Amino acid sequence: MANRKCFSGLTAADTYAKHGPSNDCSISADGDLSSRSVFAFVKTSVTCQKEMMNLACDHGRIQILSATYGRGDGLGEECGDPTMEPAECFATDTLDIVKDLCDGEITCTKNTVMSVFGDPCNSAPKHLVVRYYCG
């Protein structure tokens, strides 16, 4: 069976107790279907290097799904010259860093500086992409 992630509306966290887990969703990266969940509305934040990342939840707390810092994912074109070398490069531990900084918070405002995320792109313009939900 394919690994599936299920997402629903803004109030999913409020109605989860009423409807319970889905029978066909998985949050496991390796396809383990033993843990099933339905995510509330997923938000995406794109922040250019040296700017302030702002994540916020009106209901619930921040739950980080994914995070990348670098360039070459088709996002962040406004963050510098997309033709500049290297065309694709990403820091390796961005997800762990963003989870440590923001998971469980109501708001999370951090500067996207190289001292936090490193410089995987040899001084080329970079951006931080974070996907999260409020749960």
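The largest nonpolar core of this predicted model comprises 17 residues, and those that touch the most other members are L55, I62, I64, V98, C102, V130 and Y132. Two or more residues of this core come from each of β4 (52–56), β5 (62–71), α2 (94–102) and β8 (127–134). In soluble globular proteins, nonpolar side chains tend to be buried together.

Y132 has contacts in several stretches of the chain: leaving aside neighbours within four places in sequence, Y132 is in contact with F41, V42 and K43, with L55, A56 and C57, and with I62, Q63, I64 and L65. K43 is also the residue that stands opposite Y132 in β8.

The sheet is open and consists of four strands in the order β3-β8-β5-β6, with antiparallel pairing. Its edge strands, β3 (43–48) and β6 (89–90), each pair on one side only, and α2 packs on the sheet, where the helix touches β5 and β8 and its direction makes about 135 degrees with that of β5. Between β3 and β8 the antiparallel pairing extends over six bridges.

Leaving aside neighbours within four places in sequence, T68 is in contact with D73, F90, T94, H127, L128 and V129.

| Item | Value |
|---|---|
| T68 and T92, C-alpha separation | 8.2 Å, at 24 residues apart along the chain |

Definitions and conventions
Residues numbered from 1 in each chain as written. Predicted model: local features only at pLDDT ≥ 70, side-chain atom pairs only at ≥ 80, totals over all residues. Heavy atoms only, no water. Core = buried A, V, L, I, M, F, W, Y, C linked by side-chain atoms within 4.5 Å. Buried < 20%, exposed > 50% of the residue type's maximum accessible area, 1.4 Å probe, protein only. Contact = heavy atoms within 4.5 Å. Pairing = 2+ DSSP bridges. Axes fitted to C-alpha atoms, helices over the stretch in contact; angles between N-to-C directions.
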